[in-house]
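Colleague: Could you take me slowly through this model, and begin with the terms that I will need?

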Amino acid sequence: MREKRFYINTIGCQMNVHDSERISALMQRCGYRQIPFPEGADLIFLNTCAIREKAEQKVFSFLGRLAALKKRNPDLIIAACGCVAQQEADRIFERTAHVDLVLGTHSYGRLPKIIEEIHRNRRRIVDVDVGESIEEIRTFFSQKTADKAPGVSRFVTIMQGCDNFCAYCVVPFVRGRERSRDPEEIISEIQDLVAAGVREVTLLGQNVNSYGKKEGISSFSELLARINTIEGLERIRFTTSHPKDLSDDLVAAFGRLDKLCRHIHLPVQSGSDRVLSRMHRRYTRAHYIDRVKALRLVCPDISITTDFIVGFPGESEDDFQETLSMMAVVEFDSLFAFKYSDRKGTRAAGLMEKVPESIKTERVKTLFKFQRDVTLKKYRALVGTFQEVLVDGLSKKTQKQTDSSGPEGIQWTGRTLGNKIVNFRVKGGSPFQDVVYPGALVRVHIKQAFANSLVGEAPECRPGRFEEIRRKHSCCIK
Ligand code: 5AD
Ligand code: SF4
């Protein structure tokens, strides 16, 4: 019998990317092989995000395109999963007759059984039940994602769901209440990843700094301190943090833990107290600025990135000016900004005073224009400095090159502790030329700054630290 194949398309946040990794591990354990394109697959997953309207539109457009494949192969199973599926199960079935399975974010643990059922009875299934048993959640959580080529950096989910109910946000509805994973399991997963060659982990959760609070298992900073002792692990990142829960303890961790990267993503959403209160964020502009000061006191070069929403219902021109003034005060390293979109079931969807689309567009443009200069200033400030870079692999430019033996040579890419992308070459004739490889830590002299990346040269590296990775990735090292 021919080996069964599956394809996953992931739209959305890191949480979704990570869920896809685990769905993939689960399917591989069931004997399926993953392929990088939908053509020729026996099973296609679309794993989706519902956080903003745009992502939802992409879902229906992708599912629409699959109709032709289903026509050619009626045995093909098409599954929509993730947040949109959780929220829009009925609408997906109504609008797309060729979708066989709608799987909510709580149902992944039951996937093998469900697929078997579809094979057997060829019936359409909707499983968006949030009453998943603790056992099923645990099984899915502890799905090992380590594989033969795990890469340099991996996500590790430490908690699911959110209890905050910000007025605009669909997450508490589609991901359910906060649940933290057992610290022993997290440590063991990271140890496995490190043994497989991973050098950096990003701890994932909707609100990581309330990790363990409800269960009373461990605080987030205690968890970080334990992870910091894992031998072979070089870097720890985490996302996302809520400003109201950013404790002094966690701030202090940035000064105390040597593996914790000097970067925090701290979504602020608005610079106006009036809007923050209507958003139900439960902090003020002054509190946010106080947290930024505390972080910079402990770690002066910490990189701070954020999210803003523009055009929240009732946002006036004055409110928007407050957002711009907040940006001027904090000077974020970079940011994401989104036009507010109504999400079904949220409190904000019922608020009057919707801001016209044209004004949202105008405001988001102004915001990006303002930030462009600040980001460039931050990047330029690094020119002339030495930065520790964790090498991801060959730069895009080198990957496209057919011949890397010319004077241009090989260009590598990686990230600084502050999460900035650096493309670099090793100084011509350097004795260290052959100690750059994915997973290596390299000291790079920054020569140039662009809008979203830095360019540098590596005069020296720390040789001989990761011989095993070097061997594994020998294909990349010409
Ligand atoms: N409209 C626009 N942006 C939103 N976000 C969350 N919900 C909405 C919404 N309804 C943004 C927030 C959040 C990021 C992940 O997505 O800025 O931090
Ligand atoms: Fe959504 Fe607010 Fe929870 Fe973040 S903290 S996931 S914005 S409800």
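Modeller: Buried means under 20% relative accessible area, exposed means over 50%, and partly exposed is in between, with a 1.4 Å probe and protein chains only. The model is predicted, so that local features need pLDDT of at least 70 and side-chain atom pairs count only at pLDDT 80 or more, while totals for chains, interfaces and linings use all residues. Residues are numbered from 1 along each chain as its sequence is written, chains are lettered from A and ligands numbered from 1 in the order in which they are written, and side-chain values use heavy atoms, with hydrogens and water left out.

Colleague: Is Asp100 buried or exposed?

Modeller: The relative accessibility of Asp100 is 8%, and the limit for a buried residue is under 20%. Asp100 therefore counts as buried.

Colleague: With which residue does Asp100 form a salt bridge?

Modeller: A salt bridge is a side-chain nitrogen of Lys or Arg within 4 Å of a carboxyl oxygen of Asp or Glu. For Asp100, which forms such a pair, the closest N and O atoms are 2.7 Å apart. Asp100 lies in the loop between helix H4 (83-95) and strand S5 (101-103), and its partner, 30 residues apart from it, is in helix H3 (residues 67-72); helices (H or I, at least four residues) and strands (E, at least two) are DSSP runs, numbered from the N terminus. The partner of Asp100 is Lys70.

Colleague: Which parts does the salt bridge between Arg291 and Asp248 tie together?

Modeller: The closest N and O atoms of Arg291 and Asp248 are 2.9 Å apart. Because Arg291 and Asp248 lie in two helices, the pair ties together parts that are 43 residues apart in sequence. Those parts are helix H12, with Arg291, and helix H10 (residues 248-256), with Asp248.

Colleague: How far apart are the C-alpha atoms of Tyr288 and Met326?

Modeller: Tyr288 is placed in helix H12 (residues 285-298), and at 0% relative accessibility it counts as buried. Not counting residues up to four places away in sequence, Tyr288 touches several residues, Met326 among them, where contact means heavy atoms within 4.5 Å. Tyr288 and Met326 are 38 residues apart along the chain, and the separation of their C-alpha atoms is 9.7 Å.
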